Amino acid sequence: MLKEKAEIVAHHQNFITFIHSLKSINENILRKPIGEGKWSIIEIVGHFYPWDEFVLQQRIPYLFTGEDLPKAPNIDKLNDQSSLHARKEPFENTLERCIHVRQELLSQLKQLPEDDWLIPIQINQSTLTFYEYLKGLMEHDLHHINQIKSTI
């Protein structure tokens with residue numbers, strides 16, 4: 001397997017394992033803000049899957065077609081909505097939804113031909129490879145995972 005693809009696949013597998021591990025954490029800890037003016041762990045987890053759905057529905061199907069990409073949602077609005085949803089629903093539902101959608105994303109990524117991973121793509125004003133795009137998303141995941149780990 002292409003090393004770039006292997007890196008991203010391994011990250012998503014580790015991500016899923018990490019989210020699974022949160023099921024054993026007390027709900028009060030999951031719902032406590034990680035700092036003053038910050039989200040709780042469950043809100044952080046709750047914002048992952050809408051972005052995964054966006055990548056699944058609004059990026060992957062269009063990236064190699066030459067078509068213009070659909071416009072991205074407003075970041076703050078989507079994050080605020082996902083945070084509110086995670087605060088209101090049972091925490092188990094948020095964890096399960098995050099795992100399920102990430103598994104779907106992982107499945108699609110595994111199916112993409114290795115040749116596609118290093119093709120330059122245009123996203124807004126940036127030209128980057130599909131791997132570089134996914135690596136940026138991975139770094140975002142890792143930032144939040146480190147925040148969570150430092151809290152629990």
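## Basis

The model is predicted: local features require pLDDT of at least 70 and side-chain atom pairs pLDDT 80 or more, while totals for chains, interfaces and linings use all residues. Residues are numbered from 1 along each chain as its sequence is written, and side-chain values use heavy atoms, without hydrogens or water.

## Overall fold

The protein chain has six helices and two strands, as DSSP runs (helices H or I, at least four residues; strands E, at least two), numbered from the N terminus. Their order along the sequence is α-α-α-α-α-β-β-α. With a radius of gyration of 16 Å, close to the 15 Å given by the globule rule for 152 residues, the chain is as compact as a globular protein of that length. The radius is taken over C-alpha atoms, and the rule is 2.2 Å times the number of residues to the power 0.38.

Buried residues make up 43% of the 152 residues, where buried means under 20% relative accessible area (1.4 Å probe, protein chains only).

## Helices H1 and H5

The buried residues of H1 pack against helix H3 (41-59), helix H5 (91-111) and helix H6 (130-151).

H5 has 21 residues, and its buried residues include Arg102, Leu105, Leu106 and Leu109.

## His12

His12 lies in helix H1 and is buried, with a relative accessible area of 6%. Leaving aside neighbours within four places in sequence, His12 is in contact (heavy atoms within 4.5 Å) with Arg102, Leu105, Leu106, Leu109 and Asp141.

Conventions:
Buried < 20%, exposed > 50% of the residue type's maximum accessible area, 1.4 Å probe, protein only. Expected span 1.5 Å × (residues − 1).
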